[in-house]
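Welcome, and please open your viewer. Here is a short tour, one selection at a time.

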Amino acid sequence: MPINATAEFKALAAKVAKTKDKEEKLRLLQQLLSLAPTHKGAENLRAELKARIARLKQELERKQKKKIRKVESIEKQGIRVIIFGPTNSGKSMLLNLLTNAKPKIASYAFTTTKPEVGMFVYDNIEFQLVELPALVFDYEHDRQWLSYAYSAEILLIMTTNEQELTKTLHYVLSFCIERSINIGIIGLINSKAEKAITTTVNVNGYDINVIECDISKHSQAVKHFIRDNINVFRIYLKPPTKKQPEEKPLVFTFQPTLLDVLEEIHKKPEQVKQAKVLGSSVKFPWQIVKLEHKLNDNDVVEFHFK
């Protein structure tokens, strides 16, 4: 035990040693680090605590990802949007309005008891909406649903008023930050507003874009809002024998190179004889480029294979 350690630190250290639950141990270790002495003689202690916290975080994240792979039976398609929110916030109605899904909709609480899935296409991008059972603001209970964040591109937090939205955003954001889940988060207030209004709120130091509207009247505005908050690159393929590119693009959530496109279509670089690109990433139409060339949104690629 280091010199000048407080009685509170010693008591908490003893509690950490006895705790078997790893999530609770992580929480206590983080608290212990905040109480650790800051003088030079305690540098090794603080470094050891930080290392233990980092190892435990990695272990918990690996465990959670394995759990998700076992539990989640939903095949991922397109850009996945997870809908989170408290009970009776209109999540099932939103899923019904935006997609072909027919979830059970009722006025009583906790109608949704399992994940409900629907698809919609907007701006030539396929979106997969996954509505999860209502949050009860107890991590022990909600963890199984919050963990779906690992497999999503964006989280849509839905409530019926601003106060509830702030509370829910704080809750979900804290979960993601603690587990280093880097993901886009947006908010939706389902109110009786005649017009769709967009704004930004700051939660935990993060700016979150929010739309407020009556979803029964402004479902298209909600689709546009979701699309506007996801950065994607649509890449179109054109076979050399065709005059027009394929209608359905490949969609990337990062700026791809031609190597990334080849991987997506299950082709090897050594199979490529020549690659041409039409679009804003090249200086002139159908420029011959290297496979490392970075593509822009709406670029058209023509591969000539050996």
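A pocket here is an open set of grid points with protein on both sides within 12 Å along at least five of seven lines, and its lining residues have an atom within 4 Å of a point. Bear in mind along the way that this is a predicted model.

The largest pocket has a volume of about 400 Å³. To find it, select Gly78, Pro249, Leu250, Val251 and Glu264, the closest to its centre among the 16 residues that line it. Now colour strand S3 (125-131) and strand S9 (250-252), the elements that give two or more residues to the lining. Which strand gives the largest share of that lining? S9 does, with three residues.

**Stop two: the sheet.** Next, show the strands as a cartoon and follow the open sheet of seven strands in the order S2-S3-S1-S4-S5-S7-S6, where the pairing is mixed. Strand S2 (116-122) and strand S6 (197-203) stand at the edges; each has a single partner strand, so one side of each is left without a neighbour in the sheet. From one strand to the next, the twist averages 25 degrees.

Valine 201 has isoleucine 208, in S7, as its bridge partner.

Show the side chains of its buried residues, Phe9, Leu12 and Val16. Looking down the axis of H1, you will find these buried residues within an arc of 70 degrees, so they line one face of the helix.

Definitions and conventions: Residues numbered from 1 in each chain as written. Predicted model: local features only at pLDDT ≥ 70, side-chain atom pairs only at ≥ 80, totals over all residues. Heavy atoms only, no water. Pairing = 2+ DSSP bridges. Helix = DSSP H or I, 4+ residues; strand = E, 2+ residues; numbered from the N terminus. Axes fitted to C-alpha atoms, helices over the stretch in contact; angles between N-to-C directions. Buried < 20%, exposed > 50% of the residue type's maximum accessible area, 1.4 Å probe, protein only. Arc of directions from axis to C-beta. 1 Å grid on protein atoms, 1.4 Å probe; cavity = no way out; pocket = protein on both sides within 12 Å on 5 of 7 lines; lining within 4 Å. Points joined across faces, edges and corners; volume = space filled by probe spheres on them.
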